[in-house]
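This note is written for a colleague who is meeting the structure for the first time. Please read the numbered points with the sequence and the model in view.

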Amino acid sequence: MLGIFLQEGLLDQPMEEKLSILNLLIKGGWIMIPLFLLFLLAIYIFFERYFSIKKASAENPTVMNKIKDYIKEGDLDLALDLCQRTNTPITRLVEKGLTRIGSPLKEIHAVVENVGSLEIYKLEKNLATMATISGAAPMIGFLGTVTGMIKAFYNLSKAGNNIDPGMLAGGIYEAMVTTAFGLAAGIVAYIGYNYLTSMVEKLVYRMEATSVEFIDLLQEPAQSE
């Protein structure tokens with residue numbers, strides 16, 4: 001009998017509404033639109049930059065050793081050709097330096113540094129946008145919290161003595177959803193930004209080491225004389 005009673009009781013209960021991304025977007029109000037767009041933008045920038053930086057960081061020790069051997073042997077044309085065929089930020093540095101051989105070392109060094117700055121700028125493309133999203137998304141979420149609470153208390157003030165918990169629920173629900181989504185978008189953007197920045201820093205270090213090694217190679221003939 002108890003089992004039958006429980007089953008009947010359960011059957012009489014209304015079906016609970018299931019949460020979904022679409023429901024959250026709707027319940028969060030209009031402020032969820034910019035938040036969702038910022039979240040998608042952060043995801044896009046992360047994967048686009050990740051694969052671009054990873055491709056730029058691909059290093060073939062054999063290629064670099066060949067370039068060094070060509071430079072030591074004076075086969076600059078072969079070194080230039082190999083740099084052009086490899087076409088990575090590091091080989092582009094070396095290629096630019098090779099085209100200026102015959103100029104004073106200070107000038108070559110300055111040219112290599114300028115090319116390095118341009119390559120770093122390319123690698124850091126859109127990272128500033130991602131950093132902005134990491135700070136802006138939580139603030140937009142908190143703005144949704146404020147507007148949601150204003151909505152809740154406005155409904156409460158209009159109700160007079162006929163107070164219904166449902167009047168507060170909509171505004172509070174909106175406030176909580178926007179806060180949670182804003183924080184989630186900000187966390188994703190923040191972690192992604194720092195991870196990509198660490199990848200760029202490692203590549204920049206290798207670029208600097210290569211440029212120093214290249215200048216040292218150019219000085220070797222003069223030192224041997």
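1. Helices (H or I, at least four residues) and strands (E, at least two) are DSSP runs, numbered from the N terminus. On that basis the protein chain has 9 helices and 0 strands. The model is a predicted one: local features need pLDDT of at least 70, side-chain atom pairs count only at pLDDT 80 or more, and totals for chains, interfaces and linings use all residues. Residues are numbered from 1 along each chain as its sequence is written, and side-chain values use heavy atoms, with hydrogens and water left out.

2. Of the 225 residues in the protein chain, 32% are buried (buried means under 20% relative accessible area, exposed over 50%, partly exposed in between, with a 1.4 Å probe and protein chains only). Contact here means heavy atoms within 4.5 Å. Among contacts between residues at least 6 apart in sequence, 74% join residues at least 24 apart.

3. The largest pocket has a volume of about 230 Å³. On a 1 Å grid over the protein atoms alone, a pocket is an open set of points with protein on both sides within 12 Å along at least five of seven lines, a cavity is a set where a 1.4 Å probe fits but cannot get out, and lining residues have an atom within 4 Å of a point. Grid points are joined across faces, edges and corners, and a volume is the space filled by probe spheres set on the points.

4. Helices α3 (32-57), α6 (89-99) and α7 (105-123) each supply at least two residues of the lining of the largest pocket. The most comes from α3, with 5 residues. Among the lining residues are R49, K55, N87, R92, E119 and K122. By class, the lining of this pocket has 4 nonpolar, 3 polar and 5 charged residues (Ala, Val, Leu, Ile, Met, Phe, Trp, Tyr, Cys and Pro count as nonpolar, Asp, Glu, Lys and Arg as charged, and the others, Gly among them, as polar).

5. How do α4 and α6 lie relative to each other? The axes of α4 (residues 61-73) and α6 come within 12 Å and cross at roughly 10°, so the two helices are roughly parallel. Axes are lines fitted to C-alpha atoms, for helices over the stretch in contact, and angles run from 0 to 180 degrees between N-to-C directions. Angles under 35 degrees count as roughly parallel, over 145 as roughly antiparallel, 65 to 115 as roughly perpendicular and the rest as oblique.

6. Where α4 and α6 meet, M64, I67 and I71 of α4 face I90, T91, V94 and L98 of α6 in contact. The residues of this contact divide into 6 nonpolar, 1 polar and no charged.

7. The whole structure holds 1 cavity of 30 Å³ or more, and the largest cavity has a volume of about 50 Å³. Its lining includes M64, I67, I71 and V94, together with F214 and L217. The elements that give two or more residues to this lining are α4 and α9 (165-224).

8. N87 is found between α5 (76-86) and α6, and N126 between α7 and α8 (127-159). Both are partly exposed, N87 with a relative accessible area of 47% and N126 with 30%.
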